[in-house]
Amino acid sequence: MSFLLRVTRALCAGALTVSSGLAVAQPPISLVVPYAPGGATDILARIVAQRLSQELDRSIVVENRAGGGTIIGAQAVARAQPDGNTLLMATSTTLAINRSLYKSLPYRPGDFAPVGLVAEVPLAIVVGPSVPANTLQELVALAKRDPGSLSFGSAGNGSPQHLAGELFKTSAGVSLTHVPYKGSAAALNDLLGGQVSMMFADLAPVLPQIKAGKLRVLAVTSTHRLASLPDAPTVREAGVPGTTDYEAVAWQSLVAAPGTPAQITQAYNAALGKVLADPAVVKRFQDDGMSVRTSTPQELASYMESESERWAKVVRASGARVD
């Protein structure tokens, strides 16, 4: 029996024993996804769950609990027993943005037991064919000639797409009109239809449209170019004054119920590291517009705090609020 398996079986409260003292099957680990099935977070969670299950030699069941800007799923994990049997696929929205976006939350983001970072999700700045701009510099020049004439759609107020746009407005000194939608799909449909000018979009759903020539990508919001869009510059590379330190990426992580012992989260982190080192997993992430990103539990805790502070400034500047 591996050391990892011994640790998880010894420490998880769900472990059962028989009179002979031999360990028997434990209940499956529940991996809560605070989004509906089929989205980027759900796809990523299922990739991770399959491989992590093999590493831990335990069943992992993905449970979708969508709604409330990830609050419903997060609250369920916040109330779970600290036995290592309940995990949350937590996003930057869940752990960083919601702290300042909502007046109050039914959970404390800092109380979750961090396991580790999983992925970084950059955005692509895309425009429709009716926008006469082929570079980010041309887009900024257009916006400055006619302030407010360009609009950008997002998945809703306070979403990563919205806040990426607000950060760009402040950095580049331009006026763009934000149009919130109930989800990225509706925003993308209106972008393709010409009802909005541009989006700071998740990469996976817009890649086919870019390849088909229906949308043009002007830049990506990460600090490095992406394997799936090697010719697209980063915002930092695009030469727009004020944006030389621009970065706006969403991120995914694994956390456990508050109070989960460190021995369990460390064991899960070790297994997660093996999963994310698999070349097949790395390629799958890249194909879906994501990049593997790893950390220790302690590094994730620090990153959550720094990201909360950074996005709180953007939320305040934008006036975004969800109550």
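This report covers a helix, a pocket and some aromatic rings in a predicted model.

## Helix α3

Helix α3 spans residues 71–78. Its buried residues are Ile71, Gly73, Ala74, Gln75 and Val77. They pack against four elements: β3 (29–33), β5 (86–91), α4 (92–101) and β11 (249–256).

## The largest pocket

The largest pocket has a volume of about 1,100 Å³. Its lining counts 48 residues. Nearest the centre lie Tyr35, Ala155, Gln161, Ser184 and Asp202. Several elements give two or more residues to this lining, among them α2 (40–56), β6 (113–127), α7 (184–193) and α8 (203–211). Helix α4 and strand β11 are also on that list.

By class, the lining has 25 nonpolar, 19 polar and 4 charged residues.

## Aromatic rings

The structure holds 5 aromatic pairs. In one of them, the rings of Phe168 and Phe200 have centres 5.9 Å apart. Their planes are at 55°, so the pair is tilted. Phe168 sits in helix α6 and Phe200 in strand β9, so the pair ties together parts 32 residues apart in sequence. Phe168 has 1% relative accessibility and counts as buried. Phe200 is buried too, at 0%.

Phe168 also pairs with Tyr246, edge-to-face. Here the centres are 6.0 Å apart, with 85° between the planes. Tyr246 lies in the loop between β10 (216–220) and β11, so this pair ties together parts 78 residues apart in sequence. Tyr246 is buried. Ring pairs link Phe152, Phe168, Phe200 and Tyr246 into a cluster.

## A charge over a ring

Arg293 lies over the face of Tyr303. The distance from the ring centre is 4.4 Å.

Note on methods
Residues are numbered from 1 along each chain as its sequence is written. This is a predicted model: local features need pLDDT of at least 70, side-chain atom pairs count only at pLDDT 80 or more; totals for chains, interfaces and linings use all residues. Side-chain values use heavy atoms; hydrogens and water are left out. Buried means under 20% relative accessible area, exposed over 50%, partly exposed in between (1.4 Å probe, protein chains only). Contact means heavy atoms within 4.5 Å. On a 1 Å grid over the protein atoms alone, a cavity is a set of points where a 1.4 Å probe fits but cannot get out, and a pocket is an open set with protein on both sides within 12 Å along at least five of seven lines; lining residues have an atom within 4 Å of a point. Grid points are joined across faces, edges and corners, and a volume is the space filled by probe spheres set on the points. Ala, Val, Leu, Ile, Met, Phe, Trp, Tyr, Cys and Pro count as nonpolar, Asp, Glu, Lys and Arg as charged, and the others, Gly among them, as polar. Rings of Phe, Tyr and Trp (its six-membered ring) pair if their centres lie within 6.5 Å; planes under 30 degrees apart count as stacked, over 60 as edge-to-face and the rest as tilted. A charge sits over a ring if NZ of Lys or CZ of Arg is within 6 Å of the ring centre and within 35 degrees of the ring normal.
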